[in-house]
Amino acid sequence: MRSADWRVEETGYDNWNGGTYTWTVFLAMDPAQYAQLGDSREPIEEQITVRLKAAVAPYSSNWYTVSIVPKVQRKPDWREAKGDLSQAVRRNIIDGLKLDGVVWSGRLSDVEFLERIFDLRQLPSTDTRFEDAAGDIWQHRVNNPEDWSDDWIYGDDRFNLIAGPSDVFLRFLGETVHPVVRPDRNEALKLVQQFNDQLRQDGWVLVEEEKIAGRPRYVAKPVGMAGGRSVSRARSVADALDAGWMQKEIERLENAVDRDPALAIGTAKDLVESCCKSILTKRNVTFTTSAGLPDLTKLLAKELKLVPEGVSEQARGADAVKQVLRNLSAITHNLAELRGLYGSGHGRDGQHRGLEPRHARLAVASAVAFIDFVTETHHRRAVVVVEPAA
């Protein structure tokens, strides 16, 4: 009694005799001490219950019972040390799930889903008829599904998704889009994008870890481990251009930099191409559908006046500035060549050896340097519309 953490919960109601409430006093003990109780646990619970009823009887007609349960002790996770998720971000994600009517357990029952994350046999029941959370949840969500609302999980203190450990909430999100839970890839990807829009505010993203039956399985990682600052900057560029397709390419980059360098290199080239086409279209510059990246780069350089001739010969460092600008334009040519040699999109022979993630990060950083510069130049050099003479 002295060492246990206690809490009191309403666990039942009976309409008989004007209405009687049932209250359960949960005494949470250290798991090692709980195990030592063994078969003596129930007799001890009965003894405490008898004494509690005697003490309460003069003041209340409600029913009281005592349940001894183990404390839930979760092992620290590497992800939690990287930074906590704010309650504001968690609430936004949960509110989004509620607004869209998303069934968080997917095609699994609530018990089947939660058993993938928690040991329900070690969590207490809110119903005195059952010894643990597994039986409790089954009774009120499977046997009598009308007892609890579909969103009951978000307010249950046993799982504490709003204020509990960050790693538990992130694991919960990852499981909601697991292929077993949600086999529809498009539906899962839509949820991942919605989750990441919120998670990035606190430095987290869900990224593809592996494929199961051709469908991606996602895990949470700090932003710095999921593509780094380059990817984050690329998102700002895509937002500035209002380019939805670039956002999809960035999502692929984020998932592929470490897992699939060839795909990341190929996507980096595609990202530059999409950027060029977006800016040229916004500036009403025509280009053929068959135009390759070198052709698009030339058109863009001419339209934005990126050619080094714009730098005065008398300016200090003129040669250095010109060389930097030439190298910037050369990035696109080199990316196209790199993609042809090592990126995705081409078949390989059995002796082919791909590049490593560090090479993919270099390609991504180079691509982002280009699109960042040309996009800023595009906004600084607004299109001048000449009105016809009256």
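A search of the whole structure turns up 15 salt bridges, a salt bridge being a side-chain nitrogen of Lys or Arg within 4 Å of a carboxyl oxygen of Asp or Glu. This is a predicted model, in which local features need pLDDT of at least 70, side-chain atom pairs count only at pLDDT 80 or more, and totals for chains, interfaces and linings use all residues. Residues are numbered from 1 along each chain as its sequence is written, and side-chain values use heavy atoms, with hydrogens and water left out.

Some background on the chain. The model has 13 helices and 5 strands; these are DSSP runs, numbered from the N terminus, with helices being H or I of at least four residues and strands E of at least two. Of the 390 residues in the chain, 42% are buried. Buried means under 20% relative accessible area, exposed means over 50%, and partly exposed is in between, with a 1.4 Å probe and protein chains only. The accessible surface of the chain is about 21,800 Å², and carbon and sulfur atoms account for 49% of that; the areas come from the Shrake-Rupley method with a 1.4 Å probe, and for residues only the protein chains shown count as cover. Taking contacts (heavy atoms within 4.5 Å) between residues at least 6 apart in sequence, 59% join residues at least 24 apart.

Back to the charged pairs. Side chains of opposite charge can pair when their charged atoms come close. Take K269 and E273, whose closest N and O atoms are 2.9 Å apart in a salt bridge. Both residues sit in helix 10, residues 261-282, and they are 4 residues apart, about one turn of the helix. Are K269 and E273 buried or exposed? Both are buried.

The next salt bridge is between E303 and R283, again with the closest N and O atoms 2.9 Å apart. This pair links distant parts of the chain: E303 belongs to helix 11, residues 293-304, while R283 is in the loop between helix 10 and helix 11, 20 residues apart. E303 is partly exposed because its relative accessibility is 25%, and R283 is buried because its value is 8%. Elsewhere, salt bridges with shared partners join D110, R141 and D150 into one network. Within it, the side chains of R141 and D150 meet at 3.2 Å, N to O. R141, at 15% relative accessibility, counts as buried, whereas D150, at 53%, counts as exposed.

Now two backbone points. N284 is not a glycine, yet its phi is positive, about 60°. N284 is in the loop between helix 10 and helix 11, and at a relative accessible area of 67% this asparagine is exposed. N160 also has a positive phi, near 45°, in a residue other than glycine. Where is N160 placed? In the loop between helix 5, residues 133-143, and helix 6, residues 166-176. N160 is partly exposed, so classed because its relative accessible area is 32%.

Last, the serine. S366 lies in helix 13, residues 357-380, and is partly exposed with a relative accessible area of 22%. The S366 side chain reaches the backbone oxygen of L362 at 2.9 Å. S366 and I331 are 35 residues apart in sequence, but their C-alpha atoms are 6.8 Å apart in space.

That is the end of the walk-through.

Methods. A polar contact is a pair of N or O atoms within 3.5 Å; within protein, one must be able to donate a hydrogen and the other to accept it, and residues adjacent in sequence count only if both atoms are side-chain atoms.
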